[in-house]
Amino acid sequence: MCTTCGCGDTELVPVELHDKILAGNDRQAAHNREHFLGHGVLALNLMGSPGAGKTAVLEATSRFAEGRLKLSAVSADLATDNDARRLEKAGIPSKAITTFQACHLDAAMVHHALDGFPWDRSDVFFIENVGNLVCPAIYDLGQAANVVALSVTEGEDKPIKYPVMFQKADLVLVTKCDLVPHLDIDLARIDDAISRVMPNPKVLRVSARTGEGLAEWFAWLEEQRRPIVQGKGAHMHGHAHSHEHTHSHEHTHADGTVHSHPHAHVHEHPHEHGEAKAEEHQHEREAGHAHDPAEKHEHRH
């Protein structure tokens, strides 16, 4: 299936190398998490099979939010940017991540996608992972929580067949519930399968078509956002540095003599990673008042 992590290759068991890759990924994920928390953005890793309804859920979330939440997303596929374009059309600023032969996202891919993309202006940033019920659950991306979309058309035993995905989940969205009357499916058996593998089962039944369950899904998003918004800035990943400058101002006296008085200045420049923001300059003079560093001075006596 995948040429980057070795899944599907029975001859390839690079245990030691695999550990090193994951360690590097975990460091990058921690870096991503600092970005998200520092900007007060709830980052969610949305996973599920191809066709589970991940993109449709996000489109429906945008419609339901009606501006109450600012959303953004990256959408991963082996090829095409179809889902990202769907999300853009739904009003969600989005960026496609093309993974080519990789069946999952890793933290570096997500970090790279953040450049030049206004994710930090959103309240909730969705990472729509590659459609796959195996590998995406293994890689930490820096998200605050994992959400798994499980369609009613996939069968009742998927959680038991792919336990790792559901063991890592904080929430399972059982999608396409509007189709239940037309299927030979027992929702109680899906719930039972999830409860067998998910440590703290949390399940919402939703339909992007009818709007079923979207209010509960929206409330869950708000609940997850609350501690992040309250802690905004506490995890800010950034750096500040200062520059000392000595300026001379010339003073021309009435008799034609010229004197020069040096002034020391300190400029502090806090910077944040991600989308470039306007730098805040605090410019202080030894005299105790602020002025624009570019300001020209002319003193005459």
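This is a predicted model: local features need pLDDT of at least 70, side-chain atom pairs count only at pLDDT 80 or more; totals for chains, interfaces and linings use all residues.
**Figure 1. An overview of the charged pairs.** Welcome to the tour: searching the whole structure turns up ten salt bridges. Side chains of opposite charge can pair when their charged atoms come close. The views below visit some of these contacts.

**Figure 2. D157 meets K161 in a salt bridge.** The two side chains come together with an N to O distance of 3.5 Å. D157 is partly exposed, because its relative accessibility is 32% and so falls between the 20% and 50% limits. K161, in turn, has a relative accessible area of 54% and is exposed.

**Figure 3. R209 and D178 bridge distant parts of the chain.** In this salt bridge, the closest N and O atoms of R209 and D178 are 3.6 Å apart. R209 sits in the loop between strand 7 (203-205) and helix 8 (214-230), while D178 belongs to the loop between strand 6 (171-175) and helix 7 (187-197). The partners are 31 residues apart. R209 is exposed, because its relative accessible area of 71% is over 50%.

**Figure 4. D192 and R196 pair within helix 7.** Here the closest N and O atoms of the salt bridge are 2.8 Å apart. Both residues lie in helix 7, and the four residues that separate them in numbering correspond to about one turn of the helix. D192 is partly exposed at 34% relative accessibility, whereas R196 is exposed at 60%.

**Figure 5. D123, E222 and R225 form one network.** To finish, take a look at this trio: salt bridges with shared partners join D123, E222 and R225.

Notes:
Residues are numbered from 1 along each chain as its sequence is written. Side-chain values use heavy atoms; hydrogens and water are left out. A salt bridge is a side-chain nitrogen of Lys or Arg within 4 Å of a carboxyl oxygen of Asp or Glu. Buried means under 20% relative accessible area, exposed over 50%, partly exposed in between (1.4 Å probe, protein chains only). Helices (H or I, at least four residues) and strands (E, at least two) are DSSP runs, numbered from the N terminus.
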